[in-house]
Amino acid sequence: MWHFREEIAPAVLLVVDFGGWYRLDTKSSGGISSDTIRHTQVSLLKDVIVPYTHLLPRLQLSENQKRHTLLYFKGAKHRHRGGLVREKLWDLLVNEPGVIMEEGFPNATGREQSIKGMRSSEFCLHPAGDTPTSCRLFDAIQSLCIPVIVSDNVELPFEGMVDYSTFSVFVAVSDALRPNWLVSHLRSISEKLKNEFRQTMAKVQPVFVYDNGHPDGIGPIPPDGAVNHIWRKVHQKLPVIKEAIVRGKRKPANTSIPLRCHCT
């Protein structure tokens, strides 16, 4: 698909995040090529961020039980790019009381461990890995584990339709890397607010579900599910895309002003 990027660039792209889009093509010239995907080809203006498919089953609010762990994370410690923050966080948190940092992968054993860990923890940690987000965020939402999103630059699905600040904790990287700061901050959050976060999460859980519950997926889609939210987001983008096309047509020749997006 790398070789077809010019052809698909004008389309409304459905992407899980923008991680890696601006990187060099590491397969060319030993990773030192200037051949990048320009910001106009993948743009918040025209493209739609969609949720990863969650791997863990949904926990109903009525099934929620007492949570004895403060903070939980399961995944690979060593990642690339933005994942270097994850390694530093791991070293800061691994020996903290009430914090569980597990190395693991989403195989059968890892899945059961994640279900248990997320359902018994107040908060679930979401530092960047190879990309800014992962299915771990949506597993946490389905598990009613309050997401702790450590990122200075993250784009999330359906923003404007979903207010993540009503059920997630957003933390700047510089704060998260201060010794003892993150754990102290999480412990300071009241039981009342945590309960409100979980109640809101329970309401938005269906928004991130693709499955319609029918055998082989054949049947009507749920009106409040991920598929309909994607189409609503595409519909929201259309007037902005049309405006960008009109603005691009009136751009004088030989000007250096960049296009707002690769819209044609």
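**Note on the predicted model**

1. The accessible surface of the protein (Shrake-Rupley method, 1.4 Å probe, with only the protein chains shown counting as cover for residues) is about 14500 Å², and carbon and sulfur atoms hold 56% of that area.

2. This is a predicted model, in which local features need pLDDT of at least 70, side-chain atom pairs count only at pLDDT 80 or more, and totals for chains, interfaces and linings use all residues. Residues are numbered from 1 along each chain as its sequence is written, and side-chain values use heavy atoms, with hydrogens and water left out.

3. The average pLDDT (the predictor's confidence in each residue, from 0 to 100) is 85 for the protein, and 84% of the residues score at least 70. Over residues 21–36, pLDDT stays under 50. Where pLDDT is low, the predicted coordinates should not be read in detail.

4. The protein has 8 helices and 7 strands; these are DSSP runs numbered from the N terminus, with helices being H or I of at least four residues and strands E of at least two. Among these elements, mean pLDDT is lowest in helix α1 (residues 5–8), at 76, and highest in helix α7 (residues 191–204), at 98.

5. Of the 264 residues, 43% are buried; buried denotes under 20% relative accessible area, exposed over 50%, and partly exposed in between (1.4 Å probe, protein chains only).

6. In helix α2 (residues 84–93), the buried residues are Val85, Arg86, Leu89, Trp90 and Leu93. Viewed down the axis of α2, they fall within an arc of 140° and so line one face of the helix; the arc is taken from the directions from the helix axis to the C-beta atoms. Exposed Lys88 and Asp91 lie on the face of α2 turned away from its buried side.

Conventions: Contact = heavy atoms within 4.5 Å.
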